[in-house]
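Student: Could we go through this model together? I would like to begin with its charged residues.

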Amino acid sequence: MSTPGQDAPSTTLVGQLLEEYFPFAPPTSPLPDPTPAEGPDPYGNPDPEWLKIDWRAHLHWIEVPMPDEPSPDGGPQPDDDQATSVNYVEMGRSTKDTRLTVLFVHGLSGSWQNWLENIPHFSNARRVIALDLPGFGHSPMPRWRISIESYARLLHRFCAALGVGDCALVGNSMGGFISAEAASAKPDRFEKLVLVSAAGVSSARLRRQPAETVARMATAAAPLLLKLQERGMRRPRVRWATFKGLFQHPELLRRELLLEQFDNGAGRPGFLPAVQGLVGYDILDQLTEVEVPTLIVWGRNDRVVPPHDSVGFGRRLHNSRTVIFDDTGHLPQLERPTRFNRVLETFLAE
């Protein structure tokens with residue numbers, strides 16, 4: 001029997017399907033060299049600030065106008081039917097010293113809770129916003145067709161609806177892909193761009209049919225898996241098996257943090273259409289035109305998006321620098337929040 005920390009076959013159907021048919025991170029991908037931490041670098045956070053916050057006081061809804069968007073069946077929709085409901089959390093405020101607003105964007109099967117370890121830290125001196133993309137978290141499915149482009153337009157109009165001025169856009173995984181698209185579509189809209197284990201390099205080469213097949217199977221299996229796993233999530237072994245693909249050491253993270261990711265991210269209706277919109281969409285050529293100062297952060301042991309993709313982004317984004325976290329998986333902002341917050345704060349202050 002395998003033990004936490006060792007490679008072992010996934011104990012979930014979705015995990016087996018993803019590993020067999022949807023290999024974001026092939027084992028032959030070369031690993032980039034780790035970046036020295038230059039400060040404290042603990043794994044996880046034993047005493048998180050987010051657990052002491054009444055998040056209900058910071059949750060909001062907004063209707064975001066999305067005119068001229070095609071509906072899921074390809075037909076047009078009247079403008080007055082195109083408002084999109086978005087659930088988001090907001091903390092902090094804009095200050096007189098014009099500090100940047102930080103907008104956090106989650107990834108596939110994610111939610112605003114993907115940034116629990118980061119929102120309180122940056123809200124001490126900044127306006128911080130994290131949204132549930134339509135079809136994920138508690139934001140309902142939109143009337144328009146989900147794609148990387150439409151999600152990028154949603155970010156533009158979401159910022160306009162909230163009156164967001166100078167802004168740093170921080171995206172993880174698919175959220176990084178969306179953020180890169182948003183920055184390349186409107187280069188003057190964002191002052192800083194941060195890509196955290198971002199999709200967009202390897203995903204441009206993935207075959208659409210196998211990816212959509214596994215996404216459909218995972219979607220169909222999700223309700224059953226949720227029922228089975230909800231009853232077992234209190235057991236360390238089940239939590240480790242469920243999250244080992246995302247985190248390098250899920251057994252070292254607080255159970256409350258893992259449950260927040262599971263409860264608010266799994267089984268959402270946006271999963272399949274988001275996979276359909278992600279796979280094969282290529283923004284690589286347009287990245288060379290992006291001049292927005294960019295920070296690229298990656299976990300060296302990422303099993304979802306190949307760590308070597310950081311090189312692909314860095315080569316195309318000329319005004320960028322890359323930081324590689326050693327012994328870290330797909331969610332550096334949750335796995336090593338002390339270092340992540342320090343690195344991001346330094347970049348935002350430059």
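Tutor: Asp41, Asp327, Arg336 and Arg339 are joined in a network of salt bridges, a salt bridge being a side-chain nitrogen of Lys or Arg within 4 Å of a carboxyl oxygen of Asp or Glu. This is a predicted model, in which local features need pLDDT of at least 70, side-chain atom pairs count only at pLDDT 80 or more, and totals for chains, interfaces and linings use all residues. Residues are numbered from 1 along each chain as its sequence is written, and side-chain values use heavy atoms, with hydrogens and water left out.

Student: How many salt bridges does the structure hold?

Tutor: The structure holds 10 salt bridges.

Student: Which residue forms a salt bridge with Arg126?

Tutor: Glu345 does, with the closest N and O atoms 3.0 Å apart. Arg126 lies in the loop between α2 and β4 and Glu345 in helix α12 (residues 337-349), so the pair ties together parts that are 219 residues apart in sequence. Helices (H or I, at least four residues) and strands (E, at least two) are DSSP runs, numbered from the N terminus.

Student: Is Arg126 buried or exposed?

Tutor: Arg126 is buried, at 4% relative accessibility, whereas Glu345 is partly exposed at 23%. Buried means under 20% relative accessible area, exposed over 50%, and partly exposed in between (1.4 Å probe, protein chains only).

Student: And what about Arg127 and Glu90; how do their side chains meet?

Tutor: They meet in a salt bridge of 2.7 Å, N to O. Arg127 sits in the loop between α2 (119-123) and β4 (128-131), and Glu90 in strand β2 (residues 84-91), 37 residues apart. Arg127 is buried at 12%, and Glu90 is buried at 17%.

Student: Then what does the side chain of Glu181 make a polar contact with?

Tutor: The partner is the side chain of Tyr281, at 3.1 Å. A polar contact is a pair of N or O atoms within 3.5 Å; within protein, one must be able to donate a hydrogen and the other to accept it, and residues adjacent in sequence count only if both atoms are side-chain atoms. Glu181 itself is found in helix α4 (residues 174-185).
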